[in-house]
Amino acid sequence: MARELLSQVVQDPSRGFTRRPAPTVRHPDLVLALDAHADDHIRARLYGPAAPPSATEHALRLNVKPAAVTAAAAHLRALWKRELVDFQPVDERGIPVGGRPHFPYATCPDLTAEPRQELRGILDELARQGSHLLYGELLGDGGRGTRRFGAILTDALSREEPLRIRVDSDLFLPWPMLALPEDTTNGPGGPGGEPFRRFLGYRHQIEQTGGHHPRFPVPAGDEHDAPPPPLSPVVSLNHDKGIDPQGVTRAAEVASALATGTVRVERALRDELLRALRSGGLDEQLMYFWCHGHFRPVADDGAPLFVLRLSDGKDIDVPAVLAERGPADPVLARRPLVFLNAGYAGLPATAEPARLGGALIEAGAGGVLGPQIEMPQLFAAEYAHAYVTRYLGGRETAGEIVHGLARHFADAWSNPLGFAYALQCGMDNRLERAAV
């Protein structure tokens, strides 16, 4: 007589293939995949609804060394710091101009009162160099296939409607700071018009994977269903209390916004953060860092490690984060958006600023947002206040807010620094609130 045997599933290797993304996640309009092959060449692929139909994949080999492209990206970041943030107005004799701050573009987030021609000259140079990185360094090998691939990419990037773009690559370039050639943008972004429209960060939503991908949530009906959102959003403020002691920036207002209608966790010490990671799963939906960043040399002369320091000055680095990562379930259980609003002094040519973000994604973060240059504190606090208040509203995705703020600061304040904030994964992250 047939009878049902009792069974227990102790291992489910296919579980990861059956998980679904959150309801807000949609396939990007355009995916650009760049695979670095040793230090020899880059394999480029382009696909998605915004790519033209083709019988074969849009793909080719780029005969450019990945190290050369990475170095060019470091040069572009340094250029923004030197030509914009550190700009000092002087007269024809090299004497500082009276009546103006020594660093006007770093000490006033609203640049509408600055000399228009002076600012236009800076923006034109930043756009030229951003275009050169894309078309001269990455797509500049001169081959026929490369020219055709570049034309297809340019056709998509120059569309008037904003696209949702994913750059899937372990080459972490400052894509929002890259720009279209001057002759491809008509109207306001063309010759003689406003240069902001040339920047990719102004035109489109962009996320970069850096070679890392967040884990999907557990599907409905699974015995390990993800818990519903908490009644009040859980957020954290991880900060160095020694930054801005005079209260010149809006940092205090950011802290207040994080505490409005939420459960806010505050940390100022490295051990507090690592102990929370070690506790078996953080419940936070947004983790905000207001602190200093540094690049620490490594013993083997490899790429310097990017580290964060809170009030105690102790390094929070990739090994520290990965050491707390659980073998199975992520320690960041809610897949939070992590906002690393950390300023740093100087960017070494060989530095890899995205490695810490990748470690956080491996630990469970849904996305990581951070500046690509040494960001002036005044603007960093303005950006954070605008970002935090919009994200806590729970109506917009992370990508929509990054794109919206890039346009807002450019249009309202003539300030391009919003383009220097890059999103590593998380374009579709949104703060979920409990239904009431």
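Good morning. I begin with helix 12, whose buried residues are Ala 398, Gly 399, Ile 401, Val 402, His 403, Leu 405, Ala 406, Phe 409, Ala 410 and Trp 413. Please keep in mind that the model before you is predicted.

Helix 12 covers residues 398-413, which is 16 residues. From its first C-alpha to its last, helix 12 reaches 22 Å, close to the 22 Å expected at 1.5 Å a residue. Just after helix 12 comes Ser 414, with a positive phi of about 55 degrees.

What do the buried residues of helix 12 pack against? Their partners are helix 6 (200-203) and helix 11 (377-392), together with strand 5 (205-208), strand 11 (337-344), strand 12 (367-371) and strand 13 (421-424).

The largest nonpolar core holds 94 residues, and Trp 175, Tyr 383 and Tyr 387 have the most contacts inside it. Helix 11 gives the most to this core, contributing 10 residues. Leaving aside residues up to four places away in sequence, Tyr 383 touches Val 402, Leu 405 and Phe 409, as well as Phe 339, Leu 369, Gly 418 and Tyr 421.

Finally, the chain as a whole. It contains 12 helices and 13 strands, and 52% of its 436 residues are buried. Of the contacts between residues at least 6 apart in sequence, 75% join residues at least 24 apart. The accessible surface of the chain comes to about 20000 Å², and carbon and sulfur atoms account for 52% of that surface. Thank you.

Key. Residues numbered from 1 in each chain as written. Predicted model: local features only at pLDDT ≥ 70, side-chain atom pairs only at ≥ 80, totals over all residues. Heavy atoms only, no water. Helix = DSSP H or I, 4+ residues; strand = E, 2+ residues; numbered from the N terminus. Buried < 20%, exposed > 50% of the residue type's maximum accessible area, 1.4 Å probe, protein only. Contact = heavy atoms within 4.5 Å. Areas by Shrake-Rupley, 256 points an atom, 1.4 Å probe, with all protein chains shown as cover. Expected span 1.5 Å × (residues − 1). Core = buried A, V, L, I, M, F, W, Y, C linked by side-chain atoms within 4.5 Å.
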